[in-house]
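Work through the exercises below with the sequence and the 3D structure at hand. Each task is followed by a stepwise solution.

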Amino acid sequence: MCYLLKYAASKRNEDTKVDAWTIRHALIYQQTCLNTRESSHILVRLSDNMKLALKEALSAPSEEVQNFSRDWTRLHSLVLGEVDDGWRQMTNSLDSEVSEIFHRLIASGVIPQDFNMFDSPATVAQDMKHLQRLTDSLRRVSTMISLNIDTIDCLINRVEMLNKGSYIYPEDLLPFLRTLHQLKQEHKFALRNSSAVLERATSLANQLRDTVALRNSEINKHHTEQLGGNTAALANLSEQAGRETSVVKTLTVLALVFVPASFVADFLQMGYVTTDPDNARIWRAAQDLQLYAALAIPLVALTMGFYIVIELRKASHHGQKGTAGAP
């Protein structure tokens, strides 16, 4: 007989739980002479549990060792019996990692006001990558267990063929057949367990994607509401500015009416211009009018000059900003 057994082995000397388990293959080769009861074996890459069980079997009293050596079925019962425990531990480890992500997903929020440390993009991306790795590992576990079941089926068929043939001691095969059927049943339970955890991980991945999509929808809705509020505020400010502009316009019209009249009244009260007592249409300019003009006109020109210089500097400053901001 020659076959491969798939088993789960734990990686040692690692602090992290990520990739703490690995899937390996053990080669079991046995050639037995049914007449002489002599066997030769080639065992490659056995698991630690298989090695320990084999060591205990060979360290037993000499009579038990002889029985182990003569009965060729004991080797297969031994190595097959040490496979299921590794698969169960690996599946439980992956299940615990899925549970951690599930608890984080339950604690996360959807509405922007309820966001917490589990809702950051980095945490969500890490959880999605972690779930992808878990689902891939669980698919491999299910596939490897299925291959082991197929291997056990082949062994059962082989032993049943020997039992129907001209084997010298057929009664020795009945316990071995019962053991093979029991091991097959244990593998089926392990397969159901890994399939259930795989279904849970896949469902959790879909739930995480739906949560992220709903969260993005709520964020977009929140931003839209904020944008609507800002637009309403801008419209209110624009309306208020329009009212203020109307008031300023009214004041400007009033100023255009009263300022010239007020200027004429003040100018006449200064006494720079007088009228002839005999004829009110005849105006006479006083000598102080020349002094008034000599002082007022330069001051007005100086004031307008300052205003023009300030406006030109502002225009130049805005032009430099526009040139610097251009691509």
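**Exercise 1.** How much space lies in the largest pocket? Find also the residues and elements that line the largest pocket.

Solution. The model is predicted, so local features need pLDDT of at least 70 and side-chain atom pairs count only at pLDDT 80 or more, while totals for chains, interfaces and linings use all residues. Residues are numbered from 1 along each chain as its sequence is written, and side-chain values use heavy atoms, without hydrogens and water.

Step 1. The largest pocket holds about 330 Å³ of space. (A pocket is an open set of points on a 1 Å grid over the protein atoms alone, where a 1.4 Å probe fits, with protein on both sides within 12 Å along at least five of seven lines; lining residues have an atom within 4 Å of a point. The volume is the space filled by probe spheres set on the points, which are joined across faces, edges and corners.)

Step 2. The lining of the largest pocket has 18 residues, and A8, A9, S10, S47 and D48 are the closest to its centre.

Step 3. Two or more lining residues come from each of strand 1, strand 2 (21-33), helix 1 (48-58) and helix 4 (84-107). (Helices are DSSP runs of H or I with at least four residues, strands runs of E with at least two, numbered from the N terminus.) Strand 1 gives the most, with 4 residues.

**Exercise 2.** Describe the aromatic pair formed by W72 and F176.

Solution. Step 1. (Rings of Phe, Tyr and Trp, the last by its six-membered ring, pair if their centres lie within 6.5 Å; planes under 30 degrees apart are stacked, over 60 edge-to-face, the rest tilted.)

Step 1. W72 lies in the loop between helix 2 (62-70) and helix 3 (73-81) and F176 in helix 6 (residues 173-269), so the pair ties together parts 104 residues apart in sequence.

Step 2. Both W72 and F176 are buried. (Buried means under 20% relative accessible area, exposed over 50%, partly exposed in between, with a 1.4 Å probe and protein chains only.)
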